[in-house]
Amino acid sequence: MLTLLASLAVSPAHAEGSGSPTLDAVRARGELLCGVSGTTPGFSFPDSRGVIRGGDADICRAVAAAALGDANRVRFVLLTSVNRFVALQSGEVDLLARTVSWTLGREASLGLLFGNVNFYDGTGFMVKAAAGVTSVKELNGATICVLPGTSTELVLADWFRLQKMSFTPVLIDSTNELRAAFMAGRCDAYATDTSSLAGFRHSLGDKRGNVTLLPETISKEPLAPAVRKGDDKWFDLLRWTQFAMLAAEEFGITSANVDGFQASTNPDIRRLLGLDGELGRALGVDRRWAYAVIRQVGNAAEVWDRNFAPLGLARGRNALSDQGGLGYAPPLR
């Protein structure tokens, strides 16, 4: 690892500037500023030592590994659903990885570019088990806890209108406070991304049987990290970092066995690991950028198994395309 960091320190791409103002600022600062929620198990949530863990947190670490050679050089900035976009637009963070749904309005109107989808999700509902509700169709006239400033607000309004049903939103701009309100009975149901609901249920421990996830998913919510428009090379680095992790899974390369592939004769693997070619230079980073990502963070399957599988979530659409999912890495050549 020290050898890798030393090579990054003297890389010509670093000395000459990367062509990305954001990447150059990250290097000058010595750390990546990454916006996360910090309150969503599976995506970003502190472990017993206070370290932020999760799929979104791993995206931050992977980009730090690609940009700086060290996945630990991340400063996590905790953001709410209301201030997350302003924080990215204003430069408070370099990267936003906060369970954000990729939508046309956000990309076209907010000056954002979304990377590859890291979780194919959808809006779901949680109710108290004691209520005996088994379908969202039984929630006509219900009060529903929802975070303001999220796509869930619009999704609920559209869906209930189409179903000729009514509901009353209970808006609270704090995930923890919103969940506490639901558990205290201030609303009949809690609506958000299904993955977030599963994470919350998991966090309840031996009380998880007190809540029920309804079977319906009423929207498409492709969750993806985002960067500001106007810095194409920074966007390239984000997206191809994600693709490198998918490609590693396709090749069977993991954080544990990546060093065993250094003698591979497969040209695609050699380019991925920076053994041949100049893909890193094209991105403005060290030629061994993808090796650093895989060695320090892992491939896409490792991220899933570490963060989402413990929540009881089947990989489904998030699996590789040859396993029935939507995961697919363009050629790294």
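Glu249 and Arg315 are both buried (under 20% relative accessible area, with exposed meaning over 50% and partly exposed in between, for a 1.4 Å probe and protein chains only). Their side chains meet in a salt bridge, with N and O 2.7 Å apart; the term stands for a side-chain nitrogen of Lys or Arg within 4 Å of a carboxyl oxygen of Asp or Glu. Glu249 belongs to helix α10 (residues 232-251) and Arg315 to the segment after α14 (300-307), so the pair ties together parts 66 residues apart in sequence. Helices (H or I, at least four residues) and strands (E, at least two) are DSSP runs, numbered from the N terminus.

This is a predicted model, in which local features need pLDDT of at least 70 and side-chain atom pairs count only at pLDDT 80 or more, while totals for chains, interfaces and linings use all residues. Residues are numbered from 1 along each chain as its sequence is written, and side-chain values use heavy atoms, leaving out hydrogens and water.

The whole structure holds 11 salt bridges. Among them, Arg53 meets Asp47 at 3.2 Å, N to O. Arg53 counts as partly exposed at 36% relative accessibility, and Asp47 counts as partly exposed at 25%. Another joins Glu278 to Arg281, with the closest N and O atoms 3.7 Å apart. Salt bridges with shared partners also link Asp58, Arg61 and Arg306 into one network.

Turning to the sheet, five strands form an open arrangement in the order β10-β9-β11-β8-β12, with mixed pairing; two strands pair if DSSP finds at least two bridges between them. β10 (167-171) and β12 (211-213) stand at the edges with a single partner strand each, so one side of each lacks a neighbour in the sheet. β8 (residues 123-128) pairs with β12 in the antiparallel sense over three bridges, and Lys128 stands opposite Val211 in β12. Helix α7 (residues 151-162) packs on the sheet, touching β8, β9 (142-146), β10 and β11 (189-193). Contact here means heavy atoms within 4.5 Å. Helix α9 (residues 194-203) also packs on the sheet, where it touches β8, β11 and β12.

Helix α4 (residues 55-68) is mostly covered, with 14 of its 14 residues buried. At 1.5 Å a residue, its 14 residues should span 20 Å, and the end C-alpha atoms are 20 Å apart, which agrees; the expected span is 1.5 Å times one less than the number of residues. Gly69 follows α4 and has a positive phi, near 80°.

Notes
Axes are lines fitted to C-alpha atoms, for helices over the stretch in contact, and angles run from 0 to 180 degrees between N-to-C directions.
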